[in-house]
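Visitor: Could you walk me through this one while I have it open?
Guide: Gladly, ask away.

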Amino acid sequence: MAIPVVYNFRSVKARWTSAIVAVLGIAGTVGVFVAMLSLARGFRATLVSSGSKDNALIVRAGATSEMTSGVSLDEVKVMQDAPGIARAADGPLVSPEAVLMAPIPLRSTGTDANVQLRGVSPNVLEIRKQIKIVQGRMFKPGLAEIVVGKNANVSYSGLALGNTMGLGNNRFQVVGVFDAGGSAFDSEVWADAHLLRSAYNRPDTFFQSVTVHLTSPDALQQVKDALTSDPRLNVDVSREVDYYAKQSTRMTTLITVLGGMVAAVMAIGAVFGALNTMYSAVAERGREIATMRALGFGALAVVLSFLIEAVLISFVGGALGCAAVLPLNGFTTGAMNWQTFSHLAFAFKITPDLLLGGIIFALGMGIAGGLLPAIHAAARPVAAALRSL
Amino acid sequence: MVSVNNNGHSTALIQVRGLNKTYRRGGEEIQVLQGLNLDVDKGDFVAFMGPSGSGKTTLLNLLGGLDVPTAGTISVAGDEITHMSSGKLTEWRARHVGFVFQMYNLIPVLTAYQNVELPLLLTRLSGTERRQHVEAALSIVGLADRTHHFPRQLSGGQEQRVAIARAIVSDPTFLLCDEPTGDLDRKSADEIMALVTELVDKHAKTVLMVTHDPVVATRAQTVLHLEKGVLVEAGKPRQDVAVGGGA
């Protein structure tokens, strides 16, 4: 039979000054753990939401990102006729895109950040249907105009609606702000591909990628077969959402590994905090433990009782840590996208499963910190423990 | 009837034969008990007296299954406890022994009711049955109106009463009292001893008690003296000497 749990509740309450050390240690560790994972998750969610399952993204074979890719105008013309690509009244829904980088100062710090410039075709909003102009209008083909993502609009100086911004050797006017649903496009600046390349003296017959709208999500294989088997082309075709998911891998892995290492180091400290709290609990309650053993409670009941107490303390710590970082949910921050070397705004994404993970992590620390003191409490000879009082 | 000379067959409730206990301190062996024989019948009230270090508490610990002897045997109601495993001994204690300690040893974060209920949590009694037993035990010790008080809210005498209620609540085979009045004033000590005597006289409990206090010892039916691990009388070894007593 187990020692009643009320004993543990009241013992923790009675010795809260000692328990608070372990609670705060575990809370801090869980807070960092959840925050780092939510950062990685937010980064991934931002990139993944950039893609659509209705679109395919085409880059040069072997290119790991748009920045290392190159597609010629001749190749684009071949692609436009491939089966599986949707068509509108004025032609195929294909956007050959030029991707460039421009240093623009951040509003928050005044320091330059690399902003991704994307030269797109005028029909891009028909291809990326999730993107909407929320202020102003779309740029007009042939005019030195830009539209900016909503994060770019608020994060960088000079990208307010109506401003004129020097890009390369041309000046572009901000005519619109678009909402890309929190995706990576929200951190970008879009312009007519022809004018943008010209401003940076890039060849007019060369693009970084081509985004095409599929007739249906199932048409991807058809497009892929047609393009990869054509001897005039040397390209990789992937579903847009898969491309962006893959793009997020390096950064999310980096954040997760670094966050994991920080959390692991903190966890060692927290476990020692829990060990200290529980050893002091065992030392202070030697008489109580010996009395219960004398009354007939077994060694296992004592171990379980102290483990329950450690779990109780760690649960409070875990819940406190989760509660402390919860306000970060949705908080937008920025980081370098290591695939494109551009600055990307994204939000912390704290989900119920992350919180559950934080609590489980806390309980793990509690058990790790409570097990040895619990065994020590149970293993102490009863007669000796009673004599030493 | 209490006997210290018997080393053969007996029908006594508690039979101790050739009991030895040796401790090692550094490289030195300290013999605390030396070849003790003792028979205690059901309903006996035995007091052990003797100077510090004479082995009184060690004997009580051995009788209560809290420690194991170096040699010899202890049988209680036919159960030989000296060769039981630690787990079996723990179960045996829960069924057969009620402990009363000098410092009461109540759990400070539990109420009087919860302290008394502790031994019953090791039985198969239902919640209702447990409540009846706890209330009866607290009634016997005169603390029916203190059930929800925490130990810090009780006087020393009341704490010891709660400890006695905890010791008797599961109706154990015998009670072991280690200096039950050692931390009390004379008045409280008298009240506690009146209660213990009542448990023997009215409720037929078997009580083995260690005390330094000769006044307290007079309450017992039999007083045995321990000196250097040997039962003695007036400075003489009491081995092979029968002592009277009994209910």
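Visitor: How much of chain B counts as buried?
Guide: Of its 247 residues, 49% are buried, a residue being buried if 20 or more other C-beta atoms, placed from the backbone, lie within 10 Å of its own, exposed if 12 or fewer, and partly exposed in between. This is a predicted model, in which local features need pLDDT of at least 70 and side-chain atom pairs count only at pLDDT 80 or more, while totals for chains, interfaces and linings use all residues. Residues are numbered from 1 along each chain as its sequence is written, and chains are lettered from A and ligands numbered from 1 in the order in which they are written.

Visitor: And which secondary structure does chain B have?
Guide: Chain B has 7 helices and 12 strands, which are DSSP runs numbered from the N terminus (helices H or I, at least four residues; strands E, at least two).

Visitor: Switching topic, how many residues of chain B are in contact with chain A?
Guide: There are 18 residues of chain B in contact with 18 of chain A, where contact requires C-beta atoms, placed from the backbone, within 7 Å.

Visitor: Which helix gives the most on the chain B side?
Guide: Helix α2 of chain B, residues 86-96, gives the most to the side that touches chain A, with 5 residues.

Visitor: Over in chain A, where is A245(A)?
Guide: A245(A) sits in helix α8 of chain A, residues 240-284, and counts as partly exposed because it has 17 C-beta neighbours inside 10 Å. Its C-alpha atom is separated by 8.2 Å from that of G51(A), 194 residues apart along the chain.

Definitions and conventions. Contact = placed C-beta atoms within 7 Å.
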